[in-house]
Amino acid sequence: MIKILVAEDDKLISGSLCDALKAAGYDPTPAYDGEEAVAKAKEITPDLVLLDIMMPKLDGISVLWEIKANPATASMPVVVLTNIGDVETISKIVEAGAVDYLLKSDQSVDDIIKKVKDVLARSVKLA
């Protein structure tokens with residue numbers, strides 16, 4: 001089963017995403033802060049990471065840098081989910097190695113599931 005790490009500190013959003021991912025046939029694992037996200041990325045080696053930017057302990061961009069710096073996790077595709085849409089933040093997200101980003105306020109859970117499917121389809125073709 002395809003494993004997805006959902007790094008989101010808002011438990012309501014995290015729960016909704018995990019429920020939708022389960023319903024779509026994925027195996028989601030939540031992480032509620034940046035340090036937990038890095039640890040779980042190493043532990044479960046997910047097929048994809050959904051990553052919030054504003055998180056306690058370690059922000060999402062730092063999490064992304066840590067995932068990409070570790071050879072064991074560097075190839076994991078990461079989709080950033082954020083409500084921060086300024087050019088500077090988006091540049092940092094892309095520079096750090098995210099395959100895509102979504103503005104949470106503009107996306108339904110169905111849109112996020114579609115993005116997950118699209119990114120996974122691309123990463124399978126590249127592998």
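1. Two strands pair if DSSP finds at least two bridges between them. In this predicted model, that criterion applies to strand β1 (residues 3-7) and strand β3 (residues 48-52), which run parallel and are joined by four bridges. Within β3, V49 is the bridge partner of L5.

2. Strand β1 also pairs with strand β2 (residues 27-31), in the parallel sense and over five bridges. Here the residue opposite L5 is T29 of β2.

3. Which residues of helix α2 (residues 34-44) are buried? They are G34, A37, V38, A41 and I44. Viewed down the axis of α2, these residues fall within an arc of 160°, and therefore they line one face of the helix. The buried residues of α2 pack against β1, β2 and α3 (60-69).

4. Both ends of α2 have a local feature to report. At its start, a side-chain oxygen of D33 comes to within 3.0 Å of the backbone nitrogen of E35. After α2 comes T45, which has a positive phi, near 40°.

5. Helix α3 may be read in a similar manner. Its buried residues include G60, I61, V63, L64 and I67. Because they cover an arc of only 155° around the axis, they are placed on the same side of α3. The buried residues of α3 pack against α2 and β3, and also against β4 (78-82) and α4 (87-96). At the start of α3, the backbone nitrogen of I61 has a side-chain oxygen of D59 within 2.9 Å.

6. A remark on confidence concludes this note. The chain has a mean pLDDT of 92, and 97% of its residues reach 70 or more. Which element of the chain has the lowest mean pLDDT, and which the highest? The lowest, 86, belongs to helix α5 (residues 109-126), and the highest, 98, to β2. In general, where pLDDT is low, the predicted coordinates should not be read in detail.

Terms used:
Residues are numbered from 1 along each chain as its sequence is written. This is a predicted model: local features need pLDDT of at least 70, side-chain atom pairs count only at pLDDT 80 or more; totals for chains, interfaces and linings use all residues. Side-chain values use heavy atoms; hydrogens and water are left out. Helices (H or I, at least four residues) and strands (E, at least two) are DSSP runs, numbered from the N terminus. Buried means under 20% relative accessible area, exposed over 50%, partly exposed in between (1.4 Å probe, protein chains only). The arc is that of the directions from the helix axis to the C-beta atoms. Contact means heavy atoms within 4.5 Å. A polar contact is a pair of N or O atoms within 3.5 Å; within protein, one must be able to donate a hydrogen and the other to accept it, and residues adjacent in sequence count only if both atoms are side-chain atoms. pLDDT is the predictor's confidence in each residue, from 0 to 100.
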